Amino acid sequence: MTVRPIRYYGDPVLRTPVEQIMVVDDRIRSLVTDLLDTTAIEGRAGVAAPQIGVGVAAFSYNIDGETGYVLNPVLESTWGELREIDEGCLSVPGLWNLTPRYEHARVTGIDLDGEPVVLEGSGLMAQMLQHETDHLRGVVYVDTLVPEHRKAAMREIRGSEWFAPATAAAGAAKPSAFGRSSR
């Protein structure tokens, strides 16, 4: 089991749009294993490849006991009401904000065999699908906040002990789904 360290806000890999996976090789198979192992920690809902330092289009998820991964995911559609939902991020530990998310979402992609994958859901599943596909575009959830909340979040990030611009570090806290510390 390989649990990879989570990259923190300020690391350039989190701001860089990913590359599509053109060939599924041993490197990609190993990445999927690492993503699944990293997401398997209790309380984690999802991990995108950039969060473990890899700039390719892939994420893993662990929602209500259902685990899996998607390669080359595309957020095909969102629908329902746009609501502000309490959200955090493993790459922004300890910080939670009301984040605008649609009630339902659908992602398509492929698996390691090149077979189609479709994930669709509401609630936490919809939130995770939107959150993880944002990561693949170089967007961290604080970027989606309304201006006054974003300003306060950035102030809190800059004042946190883990924040160091342009660096990558693993956290000592045991974050839960979308980053809430379980200490």
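**Backbone and packing**

Analyst: This is a predicted model. Asn72 counts as buried, because its relative accessibility is 13%.

User: Where does Asn72 sit?

Analyst: Asn72 is placed in strand β3. Although Asn72 is not a glycine, its phi is positive, at about 50°.

User: Asp64 is not a glycine either; what is its phi?

Analyst: Asp64 has a positive phi of about 50°. Asp64 belongs to the loop between β2 and β3 (66-89).

User: Is Asp64 buried or exposed?

Analyst: Asp64 counts as exposed, because its relative accessibility is 75%. Asn72, by contrast, counts as buried.

User: Let us step back. How many helices and strands does the protein have?

Analyst: There are three helices and five strands. Read from the N terminus, the order of the elements is α-β-β-β-β-β-α-α.

User: What share of the residues is buried?

Analyst: Of the 183 residues in the protein, 46% are buried. The accessible surface comes to about 8700 Å², and carbon and sulfur atoms account for 51% of that surface.

User: And the contacts across the sequence: what part joins residues at least 24 apart?

Analyst: That part is 67%, taken among contacts between residues at least 6 apart in sequence.

User: Which elements give two or more residues to it?

Analyst: Those elements are β2 (58-63), β4 (92-110), β5 (116-122) and α2 (124-136). The element that gives the most is α2, with five residues.

User: Which residues does Tyr61 touch?

Analyst: Neighbours within four places in sequence aside, Tyr61 is in contact with Thr39, Ala45, Gly46, Glu66, Thr67, Gly68, Tyr69, Leu119, Met125 and Met128. Leu119 and Met128 are also among the residues with the most contacts inside the core.

User: What other core is there?

Analyst: A second, separate core has 16 residues, including Cys89, Val92, Val140 and Ile157.

User: You listed Thr39 as a contact of Tyr61. In which helix is Thr39?

Analyst: Thr39 is in helix α1, which covers residues 26-39. Thr39 is buried, because its relative accessible area is 1%, and a value under 20% counts as buried.

User: Which side chain makes a polar contact with that of Thr39?

Analyst: The side chain of Ser60 does, and the polar contact is 2.3 Å. Apart from residues up to four places away in sequence, Thr39 touches Arg44, Ala45, Gly46, Val47, Ser60, Tyr61 and Asn62. Ala45 and Gly46 are in contact with Tyr61 as well.

User: Last topic, the aromatic rings. How many aromatic pairs are there?

Analyst: The structure holds three aromatic pairs. In one of them, Trp162 and Phe163 are edge-to-face, with 6.1 Å centre to centre and 90° between the planes.

User: Which residues form the aromatic cluster?

Analyst: Tyr8, Tyr9, Trp162 and Phe163 form one aromatic cluster.

User: Is Trp162 buried or exposed?

Analyst: Trp162 counts as buried, because its relative accessibility is 16%.

Definitions and conventions
Residues are numbered from 1 along each chain as its sequence is written. This is a predicted model: local features need pLDDT of at least 70, side-chain atom pairs count only at pLDDT 80 or more; totals for chains, interfaces and linings use all residues. Side-chain values use heavy atoms; hydrogens and water are left out. Helices (H or I, at least four residues) and strands (E, at least two) are DSSP runs, numbered from the N terminus. Buried means under 20% relative accessible area, exposed over 50%, partly exposed in between (1.4 Å probe, protein chains only). A polar contact is a pair of N or O atoms within 3.5 Å; within protein, one must be able to donate a hydrogen and the other to accept it, and residues adjacent in sequence count only if both atoms are side-chain atoms. Contact means heavy atoms within 4.5 Å. A nonpolar core is a set of buried Ala, Val, Leu, Ile, Met, Phe, Trp, Tyr and Cys residues joined through side-chain atoms within 4.5 Å. Accessible areas come from the Shrake-Rupley method with a 1.4 Å probe; for residues, only the protein chains shown count as cover. Rings of Phe, Tyr and Trp (its six-membered ring) pair if their centres lie within 6.5 Å; planes under 30 degrees apart count as stacked, over 60 as edge-to-face and the rest as tilted.
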